[in-house]
Amino acid sequence: IGPRRTRTFSMSDNQISPRIYVGIASSGMCHTTFAICLANLTAYFRFKFLAENVTRQDMVLDAVYGSNIAANYNTLVNRARTWNATHLLTLEDDMVFPHDALHALYRRNKEWVGANYPYRVEDNPSFTAVNKQGTSRVITTDESTGIEEAAYTGFGCTLFAMSVFEKVSQPWFLMAWMGNDIYSTQDGWFGNRCRDVGIVPYVDH
């Protein structure tokens, strides 16, 4: 799905045609509020170009179900590569987000940029993104604006350029043993892999 713009242009106009693969790594339950947000996001994509230099844009929606969320994400990346996507938008099916979330992330023009959002646990007031030093969580308040470098972000509403998955070898997502009965999360693991090859994650407030 996506709009089309008809015009005459030269190669110097730097026109682009993004292909957005929307990947949902799901444990099998979709919240009603998420479904409404996804419908609004796709409708907005249908009628609004991601940027001024876009003359065509395409989107496909996909979901992988299973209890192994890290494996689900690896599957989504492979499917996005097969579809020749330029970007992978990861969404989690208990998230809520504005209709222009994709547009906002795309215009940041980063290889990895993710929205910041609170933990699922109600009594934990912290957020999913971790600061670039890896020492504390990044807190988003009503006064927070713009983007900042991070060690990693959650994948609840995150846009990756597919170039990331060319620079980082498989497995992209893994819950690794950290010792003392602790496992890493797939986002933390991938953040370390990305930073090892010079890719900087950004968190968007």
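Ground rules. Because the model is predicted, local features need pLDDT of at least 70 and side-chain atom pairs count only at pLDDT 80 or more, while totals for chains, interfaces and linings use all residues. Residues are numbered from 1 along each chain as its sequence is written, and side-chain values use heavy atoms, with hydrogens and water left out.

Start with the fold. Helices (H or I, at least four residues) and strands (E, at least two) are DSSP runs, numbered from the N terminus. Strand β1, residues 19-26, runs parallel to strand β2, residues 58-65, and eight bridges join them. Pairing takes at least two DSSP bridges. Ile-20 stands opposite Met-59 in β2.

Now the inside. What is a nonpolar core here? A set of buried Ala, Val, Leu, Ile, Met, Phe, Trp, Tyr and Cys residues joined through side-chain atoms within 4.5 Å. Buried means under 20% relative accessible area, exposed over 50%, and partly exposed in between, with a 1.4 Å probe and protein chains only. The largest core has 26 residues, and Leu-89, Leu-91, Phe-97 and Leu-102 touch the most other members. Two or more residues each come from β1, α1, β3, α3 and β7 (157-161). The largest share, five residues, is from α1. Apart from this core lies another, of 25 residues, including Leu-76, Trp-112, Met-162 and Val-168.

The structure holds 15 aromatic pairs. Rings of Phe, Tyr and Trp (its six-membered ring) pair if their centres lie within 6.5 Å; planes under 30 degrees apart are stacked, over 60 edge-to-face, the rest tilted.

Two charges sit over rings. That takes NZ of Lys or CZ of Arg within 6 Å of the ring centre and within 35 degrees of the ring normal. Arg-19 lies over the face of Trp-83, 3.9 Å from the ring centre. Lys-110 lies over Tyr-202, at 4.6 Å.

Last, the backbone. Where is the cis peptide bond? Between Gln-170 and Pro-171, with omega about 0°. Pro-171 lies in the loop between α4 (164-167) and β8 (177-179).

Two asparagines have positive phi. Asn-84 is near 60°, in the loop between α2 (69-82) and β3. Asn-109 is at about 55°, in the loop between α3 and β4 (112-115). Asn-84 counts as exposed because its relative accessibility is 56%. Asn-109 is exposed too, at 68%.
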